[in-house]
Amino acid sequence: GGSIRVARSLVALKRKYPQRVCLLMGNRDINKMRLSSELTAAQLADGRLDRVAGPYWVPEAKRVSPLDFLNSLCAAETSGGGGGGGGSGGG
């Protein structure tokens with residue numbers, strides 16, 4: 001998509017003008033890159049996700065752990081429901 005095209009263009013500019021182009025990444029950019037690697041099977045194999053509680057800002061009665069959320073999202077996808085999304089806020 002467009003994001004990859006923009007990223008490739010920026011890298012090409014950096015290679016062409018290494019002294020004139022400085023690429024900066026923000027916290028959200030870096031966190032998004034990190035998330036995909038954290039959800040690999042190797043990272044989840046040790047049960048790390050089992051120990052993470054849900055978001056503290058959601059009332060405890062409505063709180064869903066990340067593992068339960070991902071399991072329900074997968075179940076919805078495989079059953080054809082397709083609409084994932086939990087009401088835990090975020091942004």
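This report covers the fold, surface and selected side-chain contacts of one chain.

The model is predicted: local features need pLDDT of at least 70, side-chain atom pairs count only at pLDDT 80 or more, and totals for chains, interfaces and linings use all residues. Residues are numbered from 1 along each chain as its sequence is written, and side-chain values use heavy atoms, without hydrogens and water.

**Fold and surface**

The chain has four helices and zero strands. Helices (H or I, at least four residues) and strands (E, at least two) are DSSP runs, numbered from the N terminus. The order from the N terminus is α-α-α-α. Of the 91 residues, 8% count as buried. Buried means under 20% relative accessible area, exposed over 50%, and partly exposed in between (1.4 Å probe, protein chains only).

Areas come from the Shrake-Rupley method with a 1.4 Å probe; for residues, only the protein chains shown count as cover. Among contacts with a separation of 6 or more, 19% join residues 24 or more positions apart. Contact means heavy atoms within 4.5 Å.

**Nonpolar patch**

Val 6, Leu 10, Val 11, Leu 13, Tyr 17 and Leu 23 form a nonpolar surface patch, with about 480 Å² of accessible area together. Patch residues have over 30% relative accessible area and no salt bridge; like charges are joined within 9 Å, nonpolar side chains (Val, Leu, Ile, Met, Phe, Trp, Tyr) within 5 Å. A salt bridge puts a side-chain nitrogen of Lys or Arg within 4 Å of a carboxyl oxygen of Asp or Glu. Leu 13 belongs to helix H1 (residues 2–16).

**Aromatic pair**

One aromatic pair is present. Rings of Phe, Tyr and Trp (its six-membered ring) pair if their centres lie within 6.5 Å; planes under 30 degrees apart are stacked, over 60 edge-to-face, the rest tilted.

**Ser 65**

Ser 65 sits in the loop between helix H3 (41–44) and helix H4 (66–78). Beyond residues up to four places away in sequence, Ser 65 touches Val 52, Ala 53 and Gly 54.

| Residue | Relative accessibility | Class |
|---|---|---|
| Tyr 56 | 71% | exposed |
| Trp 57 | 52% | exposed |
| Leu 13 | 40% | partly exposed |
| Ser 65 | 17% | buried |
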